[in-house]
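Please read the following report beside the sequence and the model.

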Amino acid sequence: MIIADATDTRQATPGQAEPAIPRATVTVGQIMNLPLDQVLTALDIEVIESSITDANFYGGVHIGNGGKITILTSPGRDPRVTDTLVRYLTAKTFNLDVADLPAPLGVEYTDITEQARNAWVKAVSA
């Protein structure tokens, strides 16, 4: 699922391709101002609506092996909230300078690599 504003009519000049957005040089301005589907496609980011219905969960990012980025969103949120969150999480994923979310929202960073490895070892040892 790609979340985009259906009323957004910005596009490339007729006959020209959409401008590329290299991961190494992506800017906050590109992430926040270009059509969201263009940003997600150019940066090879997949957005998936999660099944997490906890009211305190708005979304999360998973960076897999090889750098594949998946953004999980909360079901049932206003599309504008989801759009803003996806753009924010994208900018944070690329370690760009964006303002913190207002209270009570916050971002928690968790590296679950060791937890996943320990669970796997436990499972195969049983």
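Lys 68 is partly exposed, with a relative accessible area of 30%; the term covers values between buried, under 20%, and exposed, over 50% (1.4 Å probe, protein chains only). The model is predicted, so local features need pLDDT of at least 70 and side-chain atom pairs count only at pLDDT 80 or more, while totals for chains, interfaces and linings use all residues. Residues are numbered from 1 along each chain as its sequence is written, and side-chain values use heavy atoms, with hydrogens and water left out.

**Salt bridges**

The whole structure contains three salt bridges, each defined as a side-chain nitrogen of Lys or Arg within 4 Å of a carboxyl oxygen of Asp or Glu.

| Salt bridge | N to O distance |
|---|---|
| Asp 44 and Lys 68 | 3.3 Å |
| Asp 78 and Arg 80 | 2.9 Å |
| Arg 87 and Asp 83 | 2.7 Å |

Lys 68 forms its salt bridge with Asp 44. Asp 44 lies in the loop between helix H2 (36-42) and strand E1 (45-49), and Lys 68 in the loop between strand E2 (59-63) and strand E3 (69-73), so the pair ties together parts that are 24 residues apart in sequence. Helices (H or I, at least four residues) and strands (E, at least two) are DSSP runs, numbered from the N terminus. Asp 44 is partly exposed, at 46% relative accessibility.

In the pair of Asp 78 and Arg 80, Asp 78 is partly exposed at 32% relative accessibility, whereas Arg 80 is exposed at 63%.

Arg 87 and Asp 83 are both part of helix H3 (residues 79-93), where four residues, about one turn of the helix, separate them. Both Arg 87 and Asp 83 are buried.

**Rings**

How many aromatic pairs are there? The count is zero, taking rings of Phe, Tyr and Trp (its six-membered ring) as paired if their centres lie within 6.5 Å, with planes under 30 degrees apart stacked, over 60 edge-to-face and the rest tilted. The ring of Tyr 58 does have the charged end of Arg 77 over it, 3.6 Å from the ring centre. A charge sits over a ring if NZ of Lys or CZ of Arg is within 6 Å of the ring centre and within 35 degrees of the ring normal.

Asn 95 is found in the loop between H3 and helix H4 (113-125), and is exposed with a relative accessible area of 72%.
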